[in-house]
Amino acid sequence: MEDVITEIPPPSRFFQEDLNNFIFPSPSLASPFLVFSIPKPEKPLRPSLLIVALSSPSLYIFHHLSPKTLVGSLILPEVPFSGLSVEPSFRDKTCNIYSLNNGDKSTLLVSVQHGVSAERSHLVARLLIGEDIVPDRLLILDSIQSQNFRGKLSPDETYAFKLETLAERKGLGGSNVASSLLKGLDYFPSGSMIDGLAAALLSRCQLKKTKGTLCVSWPEFCSSVVALIRSLLQRNVLPSLDLSLTQEMQDQCARFNLIKHQPYDTEMYT
């Protein structure tokens, strides 16, 4: 006789989707939204250049850039507000929007200091491009994820590649050669993949026929990649701004040579 207590139960006669009918659905998250520090800004904002900093090196560089003016924030309801400092800090999990004094050009910076899930990436991309903000051009700064790269990445070497929308590539020919944001930088190798918010933003630019460039770098954070990104920005993107790092900042980079996860939680950014 079978032991009804220890015997393995027979397979369910219900499909998994049928069993889910007896479970209350999880409450849906509220949509992300933009909050502007100016009471009634003229919307949409139309910067000549929108920079979205996602990588640790780019966040580090722009964190120390002065002056920049806070004009708004992107709010994700799933990111808690507890523990945030009064003044913008690199240690906070925030997504602030700044105006940069880039000569006679209108430049906005979006400093994304927290992760954005794949499910929310396209919602965020629509907010940053095409609704309240309509940029003439977009530059995204992100890191290479080793699992998405076709090839071997050495932790002792520094890499940077680019991807461009069709509108940006078309501007490279003829008399518009000088218009390329990242002249001389190699393209991201074929067979490698970009995902997350960076991919959503570049796809949004492609759909809107907007000039867009994605720059990805490796490693995630070290003094050499900080120097490389700073050089690219200073030479091609923001030549009128002083992006130089003080000796103290360079010493911090050397001291914390490899920071792989959430660098804004360390004391070097205070």
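1. Strand S7, residues 159-164, is mostly covered, with five of its six residues buried. The model is a predicted one. S7 pairs with strand S8 (residues 211-218) in the antiparallel sense, over six bridges.

2. S7 belongs to an open sheet of eight strands. The order is S1-S3-S4-S5-S2-S6-S8-S7, and the pairing is mixed. Which strands stand at the edges? They are S1 (33-36) and S7. Each has a single partner strand, so one side of each is left without a neighbour in the sheet. From one strand to the next, the twist averages 20 degrees.

3. S8 has a parallel partner in strand S6 (residues 137-143), joined to it by seven bridges. Leu 141 stands opposite Cys 215 in S8. Helix H5 packs on the sheet. H5 touches strand S2 (49-53), strand S5 (105-112), S6, S7 and S8. The direction of H5 makes about 160 degrees with that of S6.

4. Helix H6, residues 223-237, also lies across several strands. Those strands are S2, strand S4 (95-102), S6, S7 and S8. Relative to S8, H6 runs at about 155 degrees.

5. Now the S1 end of the sheet. S1 and strand S3 (residues 68-75) run antiparallel and are joined by four bridges. Leu 34 has Leu 74 in S3 as its bridge partner. S3 also runs antiparallel to S4, with five bridges between them. There, Ser 73 is bridged to Asn 96 in S4.

6. Ser 73 and Asn 96 turn up again in the second largest pocket. Its volume is about 270 Å³. Of the 21 lining residues, the closest to the centre are Ser 73, Phe 81, Leu 84, Thr 94 and Asn 96. S3 and S4 each supply at least two residues of this lining. Which element gives the most? S3 does, with four residues.

7. The largest nonpolar core has 39 residues. Leu 128 and Leu 201 have the most contacts inside that core. Helix H5 (residues 196-208) gives the most to this core, with six residues. A second, separate core holds 31 residues, including Leu 49, Tyr 98, Ile 229 and Leu 232. In soluble globular proteins, nonpolar side chains tend to be buried together.

8. What does Leu 201 touch, leaving out residues up to four places away in sequence? The list is Val 52, Ala 125, Leu 128, Ile 129, Leu 138 and Ile 140.

9. Pro 135 is worth checking in the model. This proline lies in the loop between helix H3 (118-128) and S6. Is Pro 135 buried or exposed? Its relative accessible area is 7%, so Pro 135 falls under the 20% cut-off and counts as buried. Beyond residues up to four places away in sequence, Pro 135 touches Pro 47, Leu 50, Leu 128, Ile 129 and Thr 210. Pro 135 and Arg 46 are 89 residues apart in sequence, yet 5.2 Å apart in space, C-alpha to C-alpha.

10. Helix H2 (residues 56-63) is mostly covered, with seven of its eight residues buried. The buried ones are Ser 56, Pro 57, Ser 58, Leu 59, Tyr 60, Ile 61 and Phe 62.

11. Backbone geometry next. The peptide bond from Lys 43 to Pro 44 is cis, with omega near 0 degrees. Pro 44 lies in the loop between S1 and S2. Trp 218 and Pro 219 are also joined by a cis peptide bond, with omega about 0 degrees. Pro 219 is in the loop between S8 and H6.

12. Lys 209 has a positive phi of about 55 degrees, although this residue is not a glycine. Lys 209 sits in the loop between H5 and S8. At 73% relative accessibility, Lys 209 counts as exposed, because the cut-off is over 50%.

13. Last, the chain as a whole. The protein chain has seven helices and eight strands. Of its 270 residues, 45% are buried. Among contacts with a separation of 6 or more, 77% are between residues 24 or more positions apart.

Terms used. Residues are numbered from 1 along each chain as its sequence is written. This is a predicted model: local features need pLDDT of at least 70, side-chain atom pairs count only at pLDDT 80 or more; totals for chains, interfaces and linings use all residues. Side-chain values use heavy atoms; hydrogens and water are left out. Buried means under 20% relative accessible area, exposed over 50%, partly exposed in between (1.4 Å probe, protein chains only). A nonpolar core is a set of buried Ala, Val, Leu, Ile, Met, Phe, Trp, Tyr and Cys residues joined through side-chain atoms within 4.5 Å. Contact means heavy atoms within 4.5 Å. Two strands pair if DSSP finds at least two bridges between them. Axes are lines fitted to C-alpha atoms, for helices over the stretch in contact, and angles run from 0 to 180 degrees between N-to-C directions. On a 1 Å grid over the protein atoms alone, a cavity is a set of points where a 1.4 Å probe fits but cannot get out, and a pocket is an open set with protein on both sides within 12 Å along at least five of seven lines; lining residues have an atom within 4 Å of a point. Grid points are joined across faces, edges and corners, and a volume is the space filled by probe spheres set on the points.
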